[in-house]
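Q: I have a model open on my screen and would like to learn how to read it. Could you take me through it, feature by feature?

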Amino acid sequence: MTRRSEPDDGLLAFALARVALLTACCGLLFGYSTASIAGWLDEIAREFDLDTSGKEYFTVSLVFFCFVGAVVAGPAARFLGRRVALLIAFALAIAGYGLTLFHPGLSWLVGARVLIGLAVGLSSMVGPMYAAEATPARHRGSVVSLFQLAVTLGILAAYAVPLALEDPTRWASAIGGGGIIAVVGILALTSVPESPIWLDAAGRGRDAASAAAKLGFLHQPQMESALAGEPGANGAAGLDTLGALLRNRTVVAVLLLCCGMFILQNLSGIDGILYYAPTIFIELGFTPGLAALGATFGLGVINVAATVVAIATVDRLGRRPLAIVGSLAMIVGLLGVVAAQTQDYPMLGLVGLCVYIAAFAISLGPLPYVLMSELVPSQIRETGIAAASATSWLFNALVALFFLTGVSVIGLSGVFFFFAAVCGVALAISMIWLPETKGRNLDAIEDNVTAGMPLRRLGDTAPVA
C-alpha cells in the first residue's frame with residue numbers, strides 16, 4: 001500500500017480528463033445497455049410472441065449476467081489488473097452488440113444480452129474502483145460520481161433513440177449501436193496507466209511509481225510496506241489478511257453498509273422505472289406510443305440534470321446531507337405517484353416521478369458507488385467491491401423479474417408504496433450510520449476502518465486541504 005499526496009498541478013487536469021473519459025465510458029455502457037430495452041420491448045415481444053412473463057425473463061437475461069460479471073470482476077481485477085479487466089469488459093460488449101446488429105433470432109439475441117450483461121457487470125465494478133484509485137481525494141467524489149452521470153446520459157440516449165426513429169422495427173440497429181460506447185472505451189483505456197495501488201499490490205513498485213507520476217500523484221511509499229497482505233501480491237498472505245479483517249467488526253459493518261446501500265438503491269424503484277417506464281406511463285393514463293415515450297424521455301432529462309447537480313455538490317455538501325435530503329424527497333415523489341394512480345391524475349404521476357428521479361440522482365444513485373470506493377479497505381477492495389456490486393445486480397434482477405407481475409397483482413400504487421417504504425429505510429440508515437467522507441484521504445479512512453471505529457465516525461479525520 002502507498003501513501004498518496006495531492007497531485008502535481010501541472011499534470012492534474014490531463015490526468016483527470018483521461019480518467020474521467022474512461023469512467024464515463026463505463027457509465028455510458030451501463031446506462032445504455034440496461035435501458036435500451038425499454039423503448040423496444042413491446043415490438044420485440046410482438047415479434048417473438050412473448051407474454052408478460054416472457055418480457056420479464058427477456059429483460060432479466062441481461063441483468064442476471066450483470067450479476068455474474070460483477071462476481072467475476074473481483075478476481076479479474078485482483079489477478080489481471082484493472083485495465084485488463086476493463087479490456088475484457090469492452091471486448092464482450094463489442095461482441096454482444098455486434099451480434100445484435102444482425103437482427104438475430106430469439107436465442108441468439110438472448111446470447112448477445114448475456115455477453116453485454118457480463119460486460120456491464122465487469123465494468124460497473126472495476127470502473128468506479130479504478131476512478132477512486134487514480135484520483136486525488138479532493139476530486140475523488142466528483143470523478144467517481146461522473147460514472148453515475150454517464151449512466152444517466154446512457155439512459156437518456158436509450159430513451160431518445162426510439163423517440164427519434166419512430167419505427168419499432170428498427171430495434172436491432174438501434175440497440176446494436178451501443179457498441180460504439182465500447183469502442184470508445186477501449187480507446188480511452190489505452191490512454192491511462194494501470195492503477196498504482198494494484199501495481200503496488202502486485203509487487204511492481206517501480207511501475208507503480210511511474211503510473212502514479214502519469215496520474216499526477218507524488219508517489220510516496222510507506223516505510224513499512226503492507227503489500228504482503230494484499231490479495232494480489234501473495235495468495236496465502238492475502239487469505240490470512242482477509243480472515244483477520246473479517247474478524248474486525250467495523251470491516252464487516254462497512255461491507256454490510258455498502259451492500260445494504262446497493263440493495264436499497266435497487267429496491268427503491270429505479271430499476272422498475274428504468275426498464276418499464278413506458279408501461280408505467282400507460283398505467284398512469286398516458287397514451288401509448290409517442291406520449292408515453294415522450295414522458296419517459298422527460299424523466300431521462302431530469303435524471304441527467306439532477307446528476308450534474310450531484311457531481312457539483314458531492315465534494316462540497318458532503319455525502320450524508322445528500323443522502324438524507326435525497327431519501328426524503330424520493331419518498332415524497334413516490335407517494336405522489338401513488339396518489340396519481342388512485343386519483344386518476346396522470347400529470348401528478350409525472351411530477352412525482354420527476355421528483356423521485358431528481359432526488360435519486362443526487363443520493364441513492366451516485367452515493368453507493370462513492371462510498372463503496374472509499375470505505376472498503378485496500379487489502380480486500382476487489383473482493384468487497386465485487387460483493388457490493390454483485391448484490392446490486394442481484395436485486396436489480398429481482399426487480400426486473402417481478403415488476404410487471406407485481407403491478408398485475410397489487411397494482412401500480414401498491415408497488416410504488418413499497419418503493420416508498422424502502423426509501424424510508426434508506427433515510428433511517430443515512431441518518432444513523434452513514435459516515436461523512438467528504439475530502440478525506442483514502443488511507444486515513446482505511447486507518448479508521450482497521451482501527452475498529454464505529455461506522456458513523458469513519459470520516460472523523462482532518463479533511464484534505
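Q: Let's begin with secondary structure: how many helices and strands are there in the chain?
A: This is a predicted model, and its chain has 18 helices and 2 strands.

Q: What share of the residues in the chain is buried?
A: A residue is called buried when its relative accessible area is under 20%. Here, 60% of the 465 residues in the chain are buried. As for the surface, the chain exposes about 16,800 Å², with 69% of it supplied by carbon and sulfur atoms.

Q: Now the rings. How many aromatic pairs does a search of the whole structure find?
A: The search finds 12 aromatic pairs. One of them is formed by phenylalanine 48 and tryptophan 171, 6.3 Å centre to centre with 70° between the planes, an edge-to-face arrangement. This pair links distant parts of the chain, since phenylalanine 48 is in helix 2 (residues 41-48) and tryptophan 171 is in helix 7 (residues 171-176), 123 residues apart.

Q: Are phenylalanine 48 and tryptophan 171 buried or exposed?
A: Phenylalanine 48 has 19% relative accessibility, so it counts as buried. Tryptophan 171 is at 0%, so it counts as buried too.

Q: Why is the pair of phenylalanine 281 and phenylalanine 286 edge-to-face?
A: The test is the angle between the planes, and over 60 degrees counts as edge-to-face. The planes of phenylalanine 281 and phenylalanine 286 stand at 80°, with the ring centres 5.2 Å apart, so the pair is edge-to-face. Phenylalanine 281 is buried, at 0% relative accessibility, and phenylalanine 286 is buried with a relative accessible area of 15%.

Q: Which residues do ring pairs link into a cluster?
A: The cluster holds Tyr275, Tyr276, Phe403, Phe416, Phe418 and Phe419. Keep Phe403, Phe418 and Phe419 in mind, as they are also among the residues that line the second largest pocket.

Q: Where does the charged end of arginine 113 sit?
A: It sits over the ring of phenylalanine 58, 4.7 Å from the ring centre. Valine 110 is found in helix 5 and touches Phe58 and Ser61, leaving aside residues up to four places away in sequence. With a relative accessible area of 27%, valine 110 is partly exposed.

Q: Last one: which residues have a positive phi although they are not glycine?
A: Most residues other than glycine have a negative phi. Aspartate 49 has a positive phi of about 55°; it is in the loop between helix 2 and helix 3 (52-79) and, at 70% relative accessibility, counts as exposed. Histidine 103 has a positive phi of about 50°. Look for histidine 103 in the loop between helix 4 (82-101) and helix 5 (106-133), where it is partly exposed with a relative accessible area of 33%.

Note on methods. Residues numbered from 1 in each chain as written. Predicted model: local features only at pLDDT ≥ 70, side-chain atom pairs only at ≥ 80, totals over all residues. Heavy atoms only, no water. Phe/Tyr/Trp six-rings, centres within 6.5 Å; stacked < 30°, edge-to-face > 60°. Helix = DSSP H or I, 4+ residues; strand = E, 2+ residues; numbered from the N terminus. Buried < 20%, exposed > 50% of the residue type's maximum accessible area, 1.4 Å probe, protein only. Lys NZ or Arg CZ within 6 Å of the ring centre and 35° of its normal. Areas by Shrake-Rupley, 256 points an atom, 1.4 Å probe, with all protein chains shown as cover. 1 Å grid on protein atoms, 1.4 Å probe; cavity = no way out; pocket = protein on both sides within 12 Å on 5 of 7 lines; lining within 4 Å. Contact = heavy atoms within 4.5 Å.
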